[in-house]
Amino acid sequence: DWAFEYQRFDPRYVCTATIPLLDHQHAVPEIHRVADMGYKAAYFSVTPGLGARDWHYTDDWEPVWAAIEETGLVIAFHIGTEAHDATTMHGAYYRGPGGALINYMETTYGGQRAITKMISSGVFDRHPGIKAMVSEGGATWGPFVADRLDEAYRQHSSMVNPQLRRLPSEYLYENVYASFQHDRSAVTAMTAMGWQNICWGSDYPHIEGTFGHTQKTLHELFDDVDAVSMRRMTVGTFEELFPHVPSAPA
């Protein structure tokens, strides 16, 4: 409720509603409540709450996917949001030499795993209207995950369950979005590899964001990119996800 009030200070804010993810009995009523309030995006951690089975268990989460599609909320995964349990070491941090880099790298995988689970268990197959964004986790992983899943679907078809109506890559390229800050390779993921659902963001005010060198970063990323691709990554993808937001001032 607080976040929604804050959003009213500027029509260009898109706050995300935090959904309780212990089970679908908690999640579904809140999804409908926040959609009725006027929210356009629902924040999901990359794993459900402690004690809950993961996203690919259809019986547990099917009501949630149905509610998301019905309300039109964008699922907004944020990396680094795995549940932490010191007793099982689930989500444990690395210590010692290289720990800072290892931990930062590890945070990127959660969003990829969440999307893989949704695709593989047929979430987008059953609910083609769902759009899912992985924030702050780079974007070059999309084409790689798409290729890897397609290979598994073809080469290990005898073990694939459930069967999908389309190749996994088609769901990723159509239903999944990703944002990045500095990644030069993310630009190539769109311009050379064809993943259109890429969105640049400054990630202000986080330490891994571009505060203090935003214009420099934009020039380095996009000066050599064609105007259509540049607009897609800086503005167009966002507009596709949130068409209710007024355009930025000139």
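Let us start with a bend: helix H10 has a kink of about 55°, centred on Met 233. The bend at a residue is the angle between axes fitted to the seven residues ending there and the seven starting there. You are looking at a predicted model, in which local features need pLDDT of at least 70 and side-chain atom pairs count only at pLDDT 80 or more, while totals for chains, interfaces and linings use all residues. Residues are numbered from 1 along each chain as its sequence is written, and side-chain values use heavy atoms, leaving out hydrogens and water.

Helices (H or I, at least four residues) and strands (E, at least two) are DSSP runs, numbered from the N terminus. H10 is built from 15 residues, and from its first C-alpha to its last it reaches 20 Å, close to the 21 Å expected at 1.5 Å a residue; the expected span is 1.5 Å times one less than the number of residues. At the start of this helix, a side-chain oxygen of Asp 226 comes to within 3.2 Å of the backbone nitrogen of Val 228.

Which residues of H10 are buried? They are Ser 229, Arg 232, Met 233, Gly 236, Thr 237 and Leu 241. Buried means under 20% relative accessible area, exposed over 50%, and partly exposed in between (1.4 Å probe, protein chains only). Here is a handy rule: an α-helix has 3.6 residues a turn, so residues three or four places apart point the same way. The buried residues of H10 pack against several elements, including strand S3 (74-78), helix H8 (184-191) and helix H9 (214-222).

Now zoom in on Arg 232. This residue counts as buried because its relative accessibility is 16%. Leaving aside neighbours within four places in sequence, its contacts (heavy atoms within 4.5 Å) include Tyr 177, Met 190 and Glu 240. The side chains of Arg 232 and Asn 197 are joined by a polar contact of 3.1 Å.

Next, visit the loops. Most residues other than glycine have a negative phi, and most peptide bonds are trans. In the loop between S6 and H9 you will find Asp 203, whose phi is positive, near 55°. Asp 203 is buried because its relative accessible area is 17%. Pro 205 lies in the loop between S6 and H9 as well, and a cis peptide bond with omega of about 0° joins Tyr 204 to Pro 205.

Where is Pro 162 found? Its place is the loop between helix H6 (141-155) and helix H7 (168-175), and a cis peptide bond, with omega about 5°, links Asn 161 and Pro 162.

Definitions and conventions:
A polar contact is a pair of N or O atoms within 3.5 Å; within protein, one must be able to donate a hydrogen and the other to accept it, and residues adjacent in sequence count only if both atoms are side-chain atoms.
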